[in-house]
Amino acid sequence: MAQTQRTPVSATVPNDLEPFWMPFTANRAFKARPRMIARAKDMFYFTPEGRKLLDGSAGLWCTNAGHNRDPIVEAIQAQAAEIDFAPPFQFAHPKAFELAARVAALAPGDLDHVFFCNSGSEAVDTALKIALAYHNVRGNASRVRLIGRERGYHGVGFGGIAVGGIVSNRKQFGALMAGIDHLPSTYNREKQAFTMGEPEWGAHLADELDRLVALHDASTIAAVIVEPVSGSTGVLPPPKGYLERLRAICDKQGILLIFDEVITGYGRLGYAFAAERYGVLPDMITFAKGITSGSVPMGGVVVRKGIYDAFMKGPEHVIELFHGYTYSAHPLACAAGLATLDLYRAEGLFERARKLEKPWAEAAMRLKGLPNVLDIRTVGLTAGIDLASKPDGVGKRGYQAMELAFHDHDLMFRGVGDTLALSPPLIVTEDQIGEIFDKAAAIIKAVA
């Protein structure tokens with residue numbers, strides 16, 4: 001067998017764009033006209049050439065405290081010099097316990113145990129496994145069915161895409177997991193268009209869970225997972241009363257309720273968690289993104305006391321839950337998380353988001369009536385702007401808008417099909433809010 005020639009590690013390798021297979025990206029279009037960023041600070045990204053870009057999407061819904069904040073950078077640097085890695089299986093380091101206590105203190109009710117992982121996708125799969133195992137250890141092994149929601153996004157693990165409801169994230173990967181069903185989407189443009197905050201119409205859609213219980217029987221259903229606000233599908237706030245009705249049905253039927261707060265957590269809706277905003281206590285909350293303001297990968301699940309206690313049976317030397325990740329509670333991530341939570345508290349960023357919600361929504365709604373604008377939705381510091389699709393391709397207008405924003409208007413935001421998704425860092429000023437939507441208006445007109 002012929003030996004494959006390998007490039008020596010020390011050799012100079014050209015910085016070619018081709019080897020990197022980019023995630024959730026049209027690779028050929030990007031590599032034909034790259035959108036490269038080389039530096040970031042506070043509300044801004046900078047291109048390699050030094051051009052300054054206003055960040056209208058908090059990176060990827062994650063840099064809630066802004067970019068490269070000095071306290072977070074310094075905490076990461078100090079931690080890297082102290083300990084690079086501590087095994088999380090059967091050993092631990094102090095900051096893991098400190099951060100878990102801080103997160104549990106932020107979470108409502110008796111959500112007071114934290115299982116750390118490294119991303120939102122891992123957090124979702126962790127929560128689903130905990131739900132299945134919880135029923136198992138309580139002698140209800142028949143409860144294996146999981147229920148998600150149409151248009152829901154729960155990451156890219158097999159569990160997450162199975163309970164998720166975005167067709168493009170599912171269609172290439174076969175049968176996924178057995179025993180999955182879905183609630184209908186809460187969005188109806190005819191009934192809800194151009195709503196600031198939670199729409200009045202749609203609470204009754206939670207009653208579809210009763211129909212699924214009648215179809216499958218409650219004794220087979222382990223958990224329901226929903227995003228309080230569906231983010232990646234284009235910002236869909238929950239109808240008033242919807243989450244409360246889901247909670248009531250789950251309580252009646254003995255079904256666990258999981259809130260996926262990977263996007264809504266850590267101030268995006270003006271509170272530590274959306275569960276607090278809506279006054280609904282789920283059985284588990286998944287989180288990631290804002291826990292470190294995007295500086296170091298981290299995710300986790302906050303679990304109610306009764307769920308944790310159900311596992312704490314049997315001999316004390318035996319592992320209670322056979323699950324975890326090599327980098328769970330990584331020292332650098334924990335240091336970044338502690339510094340980030342300190343920054344949120346010191347600068348009152350959650351409260352700041354609440355105060356800015358109204359001017360943010362009013363600025364967004366000024367785009368109503370522009371060419372091809374079909375709907376605008378806002379809640380917290382998020383906005384989804386639906387544009388009409390071009391006749392020659394769904395998603396083409398949204399892509400052109402995102403590309404034009406970067407190259408010609410010094411603005412970055414997410415393009416989700418033909419929806420423009422905006423979610424700035426919580427340090428955004430009212431002047432910058434005006435600038436974001438003034439630029440968005442010019443871009444919408446340019447792609448008409």
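**Surface patch**

I began with a nonpolar surface patch of about 300 Å² that F158, F173 and M177 make. I took patches as residues with over 30% relative accessible area and no salt bridge, nonpolar side chains (Val, Leu, Ile, Met, Phe, Trp, Tyr) being joined within 5 Å and like charges within 9 Å. Accessible areas come from the Shrake-Rupley method with a 1.4 Å probe, and for residues only the protein chains shown count as cover. I note that this is a predicted model, in which local features need pLDDT of at least 70 and side-chain atom pairs count only at pLDDT 80 or more, while totals for chains, interfaces and linings use all residues. Residues are numbered from 1 along each chain as its sequence is written, and side-chain values use heavy atoms, with hydrogens and water left out.

I located M177 in the loop between α7 (167–170) and β6 (180–183); helices (H or I, at least four residues) and strands (E, at least two) are DSSP runs numbered from the N terminus. M177 counts as partly exposed because its relative accessibility is 34%; buried means under 20% relative accessible area, exposed over 50%, and partly exposed in between (1.4 Å probe, protein chains only).

**Loop residues**

I looked up S185 in the loop between β6 and α8 (189–192). S185 counts as buried because its relative accessibility is 15%. I found a polar atom of the S185 side chain 3.1 Å from the backbone nitrogen of Y187. Leaving aside neighbours within four places in sequence, S185 is in contact (heavy atoms within 4.5 Å) with R149, E150, R151, L205 and L236.

I then turned to N118, in the loop between β4 (111–117) and α5 (120–137). N118 is buried, at 16% relative accessibility. The side chains of N118 and E122 make a polar contact at 2.9 Å. A polar contact is a pair of N or O atoms within 3.5 Å; within protein, one must be able to donate a hydrogen and the other to accept it, and residues adjacent in sequence count only if both atoms are side-chain atoms. Among the contacts of N118 beyond four places in sequence I noted P297, M298 and Y325.

K289 lies in the loop between β10 (284–287) and β11 (299–304). With a relative accessible area of 22%, K289 is partly exposed. I found that the K289 side chain reaches the backbone oxygen of L60 at 3.1 Å. Not counting residues up to four places away in sequence, K289 touches residues including W61, C62, V262 and M298.

**Salt bridges**

I recorded 25 salt bridges in the structure, each a side-chain nitrogen of Lys or Arg within 4 Å of a carboxyl oxygen of Asp or Glu. E208 and R211 form one at 2.7 Å, N to O. Both lie in helix α9 (residues 208–216), 3 residues apart, about one turn of the helix. E208 is partly exposed at 25%, and R211 is partly exposed at 44%.

I next examined D283 and R247, whose closest N and O atoms are 3.0 Å apart in a salt bridge. This pair links distant parts of the chain, with D283 in the loop between α11 (274–278) and β10 and R247 in helix α10 (residues 242–253), 36 residues apart. D283 and R247 are both buried.

For the salt bridge of K396 with D392 I noted 2.8 Å between the closest N and O atoms. K396 is partly exposed at 34%, whereas D392 is exposed at 52%. Elsewhere, salt bridges that share partners join D110, R247, D251, D283 and R304 into one network.
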